[in-house]
Amino acid sequence: MSTAGSHGGCRRCGINFWARLFKRHRALLRISIPRTEGASSAPSATVGGPGYIDSATGAPVVKRQNALASAQQEKAPVGTLESGVKYADGVAVSISGFARGIVSDQSAGSIKGQTYIKMSIKITNDSTSNVDLSQVIVTLKFGPGSTVASPVYPDSTTSDFFGTVKPGGVQSGEYAFAIPAQPMASTLYVDIDGNHQPAVIQGKFPL
């Protein structure tokens, strides 16, 4: 049995599950699409969301419409599982609620028997401007080869960020990734929007 619970039985829960599954995998499916040199426009946020291309090292490249140039984006020092990350403008990213489990049911996005780590990611907006959370991309890499962990959906409590968080506001998302059961060095990248460079959080997840 999954330690995190099981799918809810209501029709609305099922619809929400498939919507979340499509949203996350929409970005991951773009990994194999090569970038076109000299292209002047990013994929439409309305039709397909941000474009996502994995990089061999570091954070995946996320292309968004109207994003600031990287040099103009807010930067933050690398954080730990305990400290999280805080940008100079007051936006902060923290993670908590770690729970390991084993996928108990074969379903879209999950393979029965997979071990996973689940976590709650919180974005706090202590800046003076609204922060758009409708296109947040969360990526986990682990091990010496920086393997990209597959997102899994062991139960109906996994949830993405959405909408806008106003100054002084907080929003959390629940994420789960398939990783080996033993602790190993991992890096979590939280790409919030086109105004902030990805938050980078490193450490070994607890057992």
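Guide: A polar contact is a pair of N or O atoms within 3.5 Å; within protein, one must be able to donate a hydrogen and the other to accept it, and residues adjacent in sequence count only if both atoms are side-chain atoms. This is a predicted model, in which local features need pLDDT of at least 70, side-chain atom pairs count only at pLDDT 80 or more, and totals for chains, interfaces and linings use all residues. Residues are numbered from 1 along each chain as its sequence is written, and side-chain values use heavy atoms, with hydrogens and water left out.

Visitor: What does the side chain of Q171 reach at 2.8 Å?

Guide: The side chain of Q171 reaches the backbone nitrogen of F162 at 2.8 Å.

Visitor: Why does Q171 count as buried?

Guide: Buried means under 20% relative accessible area, exposed over 50%, and partly exposed in between, with a 1.4 Å probe and protein chains only. Q171 has 11% relative accessibility and therefore counts as buried.

Visitor: With which residues is Q171 in contact, leaving aside its neighbours within four places in sequence?

Guide: Contact means heavy atoms within 4.5 Å. Beyond those neighbours, Q171 is in contact with I121, K122, I123, L133, D160, F161 and F162.

Visitor: What makes a set of residues a nonpolar core?

Guide: The set must consist of buried Ala, Val, Leu, Ile, Met, Phe, Trp, Tyr and Cys residues joined through side-chain atoms within 4.5 Å. The largest such core has 29 residues, of which I121, L188, V190 and I192 touch the most other members.

Visitor: How much of the protein is buried?

Guide: Buried residues make up 43% of the 207 residues.
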